[in-house]
Each structure stands twice: as structure tokens, then as C-alpha cells.
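Please keep the model open while reading.

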Amino acid sequence: MRKVISFALALSALSAAPAWAGGVPVTLRGSPASMERQNAVAKESDLSFVRTRAELRALEREGELVRLAGNADYTFAKGVSGPVARPELRTFVERLAEQYRDGCGERLVVTSLTRPSSRQPGNAHQLSVHPAGIAVDLRISKKAACRGWLEGTLLSLERRGVLDVTRERNPPHYHVALFPDAYRAYVGRLTSAEETKPAEKKRSVARTAPMGVASGFVPVPVPEEDEEERPGGWPALTALSLTVVAVATTRRRKRRMEDA
């Protein structure tokens, strides 16, 4: 048992190493630098910052903003009005929600999307990109495993330079600002890589570790290696270490039975 704990702690320490993306440290803590980066990306992408509901509806009619309808993988919190966003953000939410439900077992909950600047809450940052349609707020799960999955995944994507994530405290939620051009290129690479794979070598988006490899072992969902929202951080690493040790234990037991 001590060896298992030591191995898990060692992997966790490696995952906690500091990282940077776009000159901003990769962390769940917000900062003026991260807000400036989000706002700068929106302006560099020449995105319109909607000021009123009328402007929001006009952009939707023109196709710059698209509607999110929710599905079996994600839903909206009560009070979410105007569930529209940039097309890249809708793609992101749908992909993330599907993998979140596979890896965690519950639906992703969206608490806010595009907000006109005239309807921003009192505590909104002056550089907020919600009016630009590239920000989404996500509910923080009550389950530690789900929080770990989502936080690790979002931080992994932030390290890849496709988004910026902050865990807000008032009210509690994850604020995610997506970088459209970088994300579009990222998904394009994933799609291209998937299309070039031989059909017989393709694996499912989420596999389950073998059942019964150790007494009391709980199967852990293992996502596709090149999938976009691959779980990161200590929860996934700890699960990996437990799987490795469990398999090794089973092999030792089998050898003992054969020698008996």
C-alpha cells in the first residue's frame, strides 16, 4: 500500500509542475493578465461585442452567433437567457459535455453564455468577453471526482493555448474563454489525425479498465489518447497508478496459483 501511495504522489507532483500559456501561468486562479489576454484575442479575431439584446438577435440572424439547444450530455441552469455563442464555442461545449458525461457520469451544466454589455452583472470585469460570444460559465459539481475531471481537462486545454479557464468564487463557477482561431485549428488537427487512422486500430472515445483485476477495484474510464478533452491533473494520474498496480497484483496472484 505504501508503494501505491508513493507512486501516486510522485505522479501528482509531476502534474503540479508550473506551466505557462501565452505568457500567462496555467492556473485556475484569475488574474488581470488573463483577462487582458482574453480581451486581446477577441479583438484580434475582430469579434463584435454586443451591447443590447437587439444586437445579439441580429448577429444570430446573420449566423455569427448560433443557438445551443442542450442534449443528453449538457443542460442549462435556470435563468440562462439567450443561449447563443460563436460556432466554435458551441462545438467546444458539445464535445466537452459528451466526454464529461462519459468520464464523470453526469450532465454538464451551463450557467451563462453570451451576455450583452448592457446586461452584465455588477461584478463583471470590464474586459469580459461574454459580450463577444466566446465565453461560457460552467457549474461546479458537488462530486470531487467530477470537479477533478473537469479542472484537469480544462487546464490541459489551457496549456495547449486554446482557452483560458478561471474558477470564480462569487458566484461559484468555472469561467471559460475560448480562443476561436486556435481552437478551430486544434479540432482540425484532431479530425485529420482521426481520419488517417486505420479503421481496425481506432479505439472508442472512452474505454473501461478490465473488471475484477483486483479486489474492490473500480473501473476507470480511459479516454482516447488524441481526444480533445483528455482528463489531466492528479485524478487521472492517480487512477492510472492504481490501474498499473492492480494489474501487477493480479499477475503475481496468477503466478502463485500456477506454482502451487
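The points below are grouped by topic.

This is a predicted model: local features need pLDDT of at least 70, side-chain atom pairs count only at pLDDT 80 or more, and totals for chains, interfaces and linings use all residues. Residues are numbered from 1 along each chain as its sequence is written, and side-chain values use heavy atoms, with hydrogens and water left out.

**Disulfide**

- The whole structure holds 1 disulfide, meaning a pair of cysteine sulfur atoms within 2.5 Å.
- Cys 104 and Cys 146 form the link, with an S to S distance of 1.7 Å.
- The link of Cys 104 and Cys 146 is right-handed, with 85° about the S-S bond.
- Cys 104 lies in helix α4 (residues 87-104) and Cys 146 in helix α5 (residues 144-159), so the pair ties together parts 42 residues apart in sequence.
- Helices (H or I, at least four residues) and strands (E, at least two) are DSSP runs, numbered from the N terminus.
- Cys 104 is buried at 18% relative accessibility, and Cys 146 is buried at 2%.
- Buried means under 20% relative accessible area, exposed over 50%, and partly exposed in between (1.4 Å probe, protein chains only).

**α4 against α5**

- The axes of α4 and α5 are 10 Å apart, and the helices pack at an angle of about 140°.
- Axes are lines fitted to C-alpha atoms, for helices over the stretch in contact, and angles run from 0 to 180 degrees between N-to-C directions.
- α4 and α5 are therefore oblique to each other; angles under 35 degrees count as roughly parallel, over 145 as roughly antiparallel, 65 to 115 as roughly perpendicular and the rest as oblique.
- Contact (heavy atoms within 4.5 Å) involves, among others, Phe 92, Leu 96 and Cys 104 of α4 and Cys 146, Trp 149 and Leu 157 of α5.

**α4 against α6**

- The axes of α4 and helix α6 (residues 180-195) come within 10 Å and cross at roughly 50°.
- α4 and α6 are therefore oblique to each other.
- Glu 88, Thr 91, Phe 92 and Arg 95 in α4 meet Pro 180, Tyr 183, Arg 184, Val 187 and Leu 190 in α6.

**Leu 113**

- Leu 113 sits in the loop between β6 (108-112) and β7 (135-138).
- At 2% relative accessibility, Leu 113 is buried.
- Leaving aside neighbours within four places in sequence, Leu 113 has contacts including Leu 68, Phe 76, Leu 89 and His 130.
- Leu 113 and Leu 138 are 25 residues apart in sequence and 9.3 Å apart in space, C-alpha to C-alpha.
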